[in-house]
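You asked for a quick read of this one before you set anything up. My notes are below, point by point.

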Amino acid sequence: MLRVRCLRGGSRGAEAAHLIGAMVGRAVSGWVSRAFRSTSSSAAALPLTADEPVTEHTPEDCPVCAHNEWDPLEEVIVGRAENACVPPFTVEVKANTYEKYWPFYQQYGGQTFPKDHVTKAVAEIEEMCNILQHEGVTVRRPEPIDWSVEYKTPDFTSTGMYAAMPRDILIVVGNEIIEAPMAWRARFFEYRAYRPLIKEYFRRGAKWTTAPKPTMSDELYDQDYPIRTVEDRHKLAAQGKFVTTEFEPCFDAADFIRAGTDIFVQRSQVTNFTGIEWMRRHLAPTYKVHIISFKDPNPMHIDATFNIIGPGLVLSNPDRPCRQIEMFKKAGWTVVTPPTPLIPDNHPLWMSSKWLSMNVLMLDEKRVMVDANEMTIQKMFESLGIQTIKVSIRHANSLGGGFHCWTTDVRRRGTLQSYFL
């Protein structure tokens with residue numbers, strides 16, 4: 001019986017190997033390039049090809065490894081604005097957008113975003129990539145895809161949206177990269193833009209997990225979710241009522257934020273408790289997943305509300321106070337209140353709020369990528385002894401995210417630590 005060692009990765013050690021069943025049919029000579037003893041009492045056999053060699057990797061060689069939001073950034077995925085499409089105006093989209101933009105979705109849902117605006121966003125993100133590379137960071141990009149193509153599953157029909165926000169779909173925990181089961185039907189096939197990259201990382205030793213893919217049938221959504229005004233949003237969120245039900249797990253990776261062995265998450269319009277519980281069980285016992293909540297009329301993604309920027313240092317949105325903030329203060333953390341954003345009222349923000357000003361990307365503890373137009377938050381960081389790397393992505397902001405949203409940090413140089421006793 002042949003034995004080969006299975007690929008290893010992940011912060012919790014080697015995966016258990018599997019017993020090879022009885023060989024059926026003719027010999028499979030040339031199928032396995034080498035044989036050696038498994039790290040467990042069972043074994044696994046992987047078919048090898050010349051262009052996809054399976055090799056042994058030490059944890060230090062793994063291309064995927066990050067434990068928090070602030071260790072020195074070495075490699076990052078940056079999203080693409082190309083071919084970005086307005087999502088159809090479904091109930092889950094309505095619940096996550098402000099009513100002033102509902103006519104925009106009703107008119108343009110399923111079509112591309114305004115081309116001139118997208119062209120400017122593409123140029124901004126290209127410059128962002130150039131600056132990251134200048135700062136010594138390896139930049140990777142998803143594949144360009146035509147998101148206007150209509151698709152159909154047994155449960156729904158939709159067009160796509162974009163691959164602009166890798167933070168929404170991918171999260172790295174240790175040397176494991178996790179694909180999130182997002183809640184918007186327009187994002188059902190978004191993973192396809194990232195698969196070539198993820199397969200490369202896997203072949204080079206990373207652990208790769210895809211959370212259970214939701215059917216996104218009607219049962220996942222409250223079809224009568226009663227939103228008319230901002231006051232409705234406040235009331236419903238305070239009551240713990242959201243457009244997504246607990247029918248099946250769903251979450252956006254951007255509702256999670258990492259601080260070593262402690263990971264914080266909010267229940268939001270796109271992340272349900274069933275999805276949070278899946279992550280809790282999946283990451284236990286090494287990691288603790290803590291649910292925190294905010295006074296937020298439009299809870300979707302945590303990092304423009306609560307952004308951890310260093311060991312013992314967190315930005316907390318003054319308009320959306322954290323109900324569990326004492327947990328951080330008791331642990332000796334410094335809670336910093338960012339200044340009011342400067343973005344003008346007439347600038348379109350079709351999927352987000354002005355608080356993208358605090359949606360920053362830490363290159364390390366002493367360097368931050370921040371909006372070039374937001375002078376007041378630049379001064380705030382400088383007062384904390386943090387150098388600001390100024391980049392303008394104002395048109396890219398309109399598509400729904402700041403620097404943190406437009407990126408997934410693939411590798412940060414650091415070790416797993418606990419920052420809470």
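Predicted model: local features only at pLDDT ≥ 70, side-chain atom pairs only at ≥ 80, totals over all residues.

**Notes on the model**

1. Strand 9, residues 262-265, runs parallel to strand 10, and the two pair over four bridges. Within this part of the fold, Phe264 sits opposite His290 of strand 10.

2. Zooming out a bit, these strands belong to an open three-stranded sheet with the order 8-9-10 and mixed pairing. Strand 8 (256-259) and strand 10 (288-291) are the edges, each pairing on one side only. On average, neighbouring strands here are turned by 25° against each other, if you ignore direction.

3. The average pLDDT for the protein is 88, with 86% of the residues scoring at least 70. Residues 1-50 are another story: the pLDDT there is below 50, yet the stretch has 75 contacts in the model beyond near neighbours in sequence.

4. For the record, a disulfide would be a covalent bond between the sulfur atoms of two cysteines.

5. Are Cys322 and Cys405 buried or exposed? Cys322 counts as buried because its relative accessibility is 7%, under the 20% cut-off. Cys405 has a relative accessible area of 4%, so that residue is buried too.

Terms used:
Residues numbered from 1 in each chain as written. Heavy atoms only, no water. pLDDT = per-residue confidence, 0-100. Contact = heavy atoms within 4.5 Å. Pairing = 2+ DSSP bridges. Axes fitted to C-alpha atoms, helices over the stretch in contact; angles between N-to-C directions. Buried < 20%, exposed > 50% of the residue type's maximum accessible area, 1.4 Å probe, protein only.
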